[in-house]
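Reader: I'd like to learn how to read a model like this one, feature by feature. Where do we begin?

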Amino acid sequence: MRFDILTLFPEMFTGPLTSSILKRARERGVIEVNLVNIRDYSTNKHHTVDDTPYGGGAGMVMGPEALTNAIENVVGRYGQSSHRVLLMCPQGRPFSQALAMDLAGEKNLLLICGHYEGIDERVRETMVTDEISIGDYVLTGGELPAAVVVDAVARLLPGVLGEAASFEEESFQTSLLEYPHYTRPREYRGQMVPEVLLSGHHEEIRKWRRRHSLLRTLARRPDLLEQAELTREDKAILREVLQDLASLDLD
Ligand code: 4FV
């Protein structure tokens with residue numbers, strides 16, 4: 001998969017995209033990342049890319065010219081429908097594992113990193129295919145959100161995570177939160193690893209993990225339970241838990 005990232009600060013990607021799993025994926029050619037500096041496509045003598053907002057108000061707006069030139073330069077090389085053009089912005093669709101899996105099916109993604117108060121609306125209307133938000137808060141720029149999307153999408157691609165990696169049980173893949181993890185030592189500062197995990201009894205371990213995913217999701221993200229595909233066993237576990245809760249003497 002190819003990621004074309006349009007930004008005013010390509011140096012902000014040095015860390016996230018040149019270490020660990022993403023570095024190896026680039027070295028293996030599983031993913032390609034092309035950082036495009038929008039300022040290189042500014043045609044005015046001062047190479048500015050922003051201007052004051054029509055209608056007044058604080059802050060600046062990223063203008064249409066340099067941004068459109070940059071987008072057309074990338075897409076132009078691959079044909080109009082070659083890329084999903086993603087604008088990272090607070091007004092976008094909440095980013096999720098489901099959206100990451102959808103994007104992982106694409107060949108090319110073009111990510112626009114906004115800055116200032118935002119980008120000129122005419123670019124959003126004519127060039128952008130998807131607006132994505134990583135959360136209901138305002139950042140200084142779209143670079144960190146773009147790095148989040150590249151990370152979440154790239155790790156879903158075959159050959160990026162080690163062979164051993166399994167997505168089946170991870171958070172949100174099953175719409176449940178992941179169960180607790182333990183590793184050596186068996187005892188740490190007086191805290192023991194749950195016996196069942198040392199038992200080698202795979203069915204008991206599977207049930208323990210499912211139970212803890214359900215309990216954790218019930219306690220922390222009950223909203224996820226509504227969209228989870230619950231098995232008969234899951235429902236029995238939840239009924240039991242809710243009965244225990246209901247029988248608590250709360251007077
Ligand atoms: C953002 C978010 C975000 C808004 C103004 C960049 C900033 C500046 N992007 N999810 N939350 N963007 O805050 O994606 O242009």
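Predicted model: local features only at pLDDT ≥ 70, side-chain atom pairs only at ≥ 80, totals over all residues.

Reader: Which polar backbone atom lies 2.8 Å from an oxygen atom of the ligand?

Author: One that belongs to Leu139. A nitrogen atom of the ligand is 2.9 Å from a polar backbone atom of Tyr137. For Ile134, a backbone N or O atom lies 3.0 Å from a ligand nitrogen.

Reader: How many residues are around the ligand, and which come nearest?

Author: There are 16. Tyr116, Ile134, Gly135, Tyr137 and Leu139 come nearest.

Reader: What is phi of Tyr116?

Author: Near 60°, a positive value in a residue other than glycine. Tyr116 sits in the loop between β6 and α5 (121–127). Its relative accessibility is 32%, so it counts as partly exposed. His47 also has a positive phi, near 50°. That residue is in the loop between β2 (32–37) and β3 (50–51). With a relative accessible area of 41%, His47 is partly exposed.

Reader: Which residues does the cis peptide bond join?

Author: Arg184 and Pro185, with omega at about 5°. Pro185 is found in the loop between α6 and β8 (187–188).

Reader: Now the interior. How do I read a nonpolar core?

Author: Start with the general idea. In soluble globular proteins, nonpolar side chains tend to be buried together. Here the largest nonpolar core has 30 residues. Phe3, Leu103, Leu111, Val149 and Val153 have the most contacts inside it.

Reader: Which elements give two or more residues to this core?

Author: β1 (2–7), α2 (20–27), β5 (84–94), α4 (97–103), β6 (108–113) and α6 (143–154). The largest share, seven residues, comes from α6. A second, separate core has 21 residues, among them Val36, Val74, Leu110 and Val128.

Reader: Take Leu103. What is it in contact with beyond four places in sequence?

Author: Met1, Arg84, Leu86, Phe95, Leu109, Ile132, Val149 and Val153.

Reader: How do I check a helix, say α9?

Author: At 1.5 Å a residue, the 15 residues of α9 should span 21 Å. The end C-alpha atoms are 21 Å apart, which agrees. Next, look at burial. Asp234, Ile237, Leu238 and Val241 of α9 are buried. They cover an arc of only 95° around the axis, so they lie on the same side of α9. Arg232, Gln243 and Ala246 are exposed on the other side.

Reader: What covers the buried residues of α9?

Author: The cover includes α7 and α8.

Reader: Is Asp234 buried or exposed?

Author: Buried, because its relative accessible area is 0% and the cut-off is under 20%. Asp234 lies in α9, residues 232–246. Beyond four places in sequence, Asp234 is in contact with Arg210, Leu214 and Glu229.

Reader: And where is Arg221 found?

Author: In the loop between α7 (202–220) and α8 (222–227). At 30% relative accessibility, Arg221 counts as partly exposed. Its side chain makes a polar contact with the side chain of Asp223, at 2.8 Å. Leaving aside neighbours within four places in sequence, Arg221 is in contact with Phe172, Leu177 and Arg216.

Reader: How many residues separate Arg221 and Val30 in sequence?

Author: They are 191 residues apart in sequence. In space, they are 34 Å apart, C-alpha to C-alpha.

Notes: Residues numbered from 1 in each chain as written. Heavy atoms only, no water. Core = buried A, V, L, I, M, F, W, Y, C linked by side-chain atoms within 4.5 Å. Buried < 20%, exposed > 50% of the residue type's maximum accessible area, 1.4 Å probe, protein only. Helix = DSSP H or I, 4+ residues; strand = E, 2+ residues; numbered from the N terminus. Contact = heavy atoms within 4.5 Å. Polar contact = N/O pair within 3.5 Å; in protein donor to acceptor, adjacent residues only side chain to side chain. Expected span 1.5 Å × (residues − 1). Arc of directions from axis to C-beta. Near = heavy atom within 4 Å.
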